[in-house]
Amino acid sequence: MSIPTLLLHPYQHFLNSLRVPSPRLHCILHSGRHPASGASSAVLLKPSGHHCTKWTLLSGGPRRALCAQATLKDHTEGLSDKEQKFVDKLYTGLVGGQRACLAEAITLVESTHARKKELAQALLQRVLTHRREQEQLNQGKPLTFRVGLSGPPGAGKSTFIEYFGKMLTERGHRLSVLAVDPSSCTSGGSLLGDKTRMIELSRDMNAYIRPSPTSGTLGGVTRTTNEAILLCEGGGYDIILIETVGVGQSEFAVADMVDMFVLLLPPAGGDELQGIKRGIIEMADLVVITKSDGDLVVPARRIQAEYVSALKLLRRRSGVWRPKVIRISARSGEGISEMWDAMREFQQVMLASGELTTKRQKQQKVWMWNLIQENILEHFKTQPGIREQIPLMERKVLSGALSPGLAADLLLKAFKSKP
């Protein structure tokens, strides 16, 4: 069929040329012109799918483009009655503040099962809609405060979180702690078990602690941490703490999902140049020197002065906030109340300037692309024909017969040649 014929009667010929595999599919067409070329266009809506497909008739032939119509109805229409009742139960319990439903919802989003992933996305979409409605009532401003905590092992993160968390719950806040633990290479379980260190806070009904093994994720931030944050916010927790493994990479990952990044450092942990070389200080909105008590008071004051001078050499990440350095002691409680005052000041300044809202919007875009990259890699590894070639290429790289770059090029060429 020629292009002129298509352009003369675009919709009739276009519908006749489509092969519709499902009797449930129906089409809703509306007339329109392509904004760039003026050519006719048609929109094919699939009520049972997650998007609509737009075909634009140009001189080069029909071109397929995705139309962002991912509504709540699209996410729930493909579910069975049993699955719909399960999602409804989780959602109702979650927004009702039931901790058991929150725990079950986080387990659902952490699952790697294909069908459970679809259920998780249906639940997340409902929670996201609920959160957006709540924010609209608050003049579009976020109702929660997300804080990332990181630092080297032995910095006293768990001890600080327990004291800090108890102080917040006593002041009427609801706190959720997402503790990401490094995983064992042998068993896959967590090595540290941070929840066992927060005995008093774990008993508090206004606090929720969720330890998550990294399962080999670089930097210690799991792929579902961002979704777990959304679920905790839907459950009515107004302060979310994300504790990460301080290995140097997690700081950059957690900075893309929180409002404020707090770095905890022990005294006598090296001079200010060490912090600059690790690239950690430049990510911090607040630097906290822990264990400032007893014989460590003098070293803590010295390291505080050194980090204050180090921050002067770095470019500011925000136009309205200058990072601060504070000394605290989780054992005596010294400085923790002042630290919370500094955190609230940060939140208020960033909200007033609009930077916090903009920051959250950019973070959502970053995590969308992170998930796309992860899913594309998984699709590449499981592609028939490629899956069988990967072990062979790995053996050739190990034996020195092929360079890693050449092996990667060969696998990618084979992947591109797949129909």
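**Reading two helix pairs**

Tutor: Let's start with a crossing: α5 passes α9 in a right-handed crossing. Keep in mind that this is a predicted model.

Student: Okay, so how do I describe a pair like that?

Tutor: In general, two packed helices are described by the angle between their axes and the distance between the axes. Here, the axes of α5 (residues 99–110) and α9 (residues 225–234) come within 10 Å, crossing at roughly 160°.

Student: Are α5 and α9 roughly parallel or roughly antiparallel?

Tutor: Angles over 145 degrees count as roughly antiparallel, so α5 and α9 are roughly antiparallel to each other.

Student: Which residues make the contact?

Tutor: From α5 you have Leu 102, Ala 105, Ile 106 and Val 109, and from α9 Glu 227, Ala 228, Leu 231 and Cys 232. Sorted by class, the contact of α5 with α9 has seven nonpolar residues, no polar ones and one charged.

Student: Now the other pair. At roughly what angle do the axes of α15 and α16 cross?

Tutor: Roughly 165°, with the axes of α15 (residues 389–399) and α16 (residues 404–416) coming within 9 Å. These two helices are therefore roughly antiparallel to each other.

Student: Is the crossing of α15 and α16 left-handed or right-handed?

Tutor: Right-handed. As for who touches whom, Gln 389, Ile 390, Met 393 and Val 397 of α15 meet Pro 404, Ala 407, Leu 410 and Leu 411 of α16.

Student: How many nonpolar, polar and charged residues does the contact of α15 with α16 have?

Tutor: Seven nonpolar, one polar and no charged.

How values were computed
Residues numbered from 1 in each chain as written. Predicted model: local features only at pLDDT ≥ 70, side-chain atom pairs only at ≥ 80, totals over all residues. Heavy atoms only, no water. Axes fitted to C-alpha atoms, helices over the stretch in contact; angles between N-to-C directions. Helix = DSSP H or I, 4+ residues; strand = E, 2+ residues; numbered from the N terminus. Parallel < 35°, antiparallel > 145°, perpendicular 65-115°, else oblique. Left-handed = near helix turned anticlockwise from the far one by under 90°. Contact = heavy atoms within 4.5 Å. Nonpolar A, V, L, I, M, F, W, Y, C, P; charged D, E, K, R; others polar.
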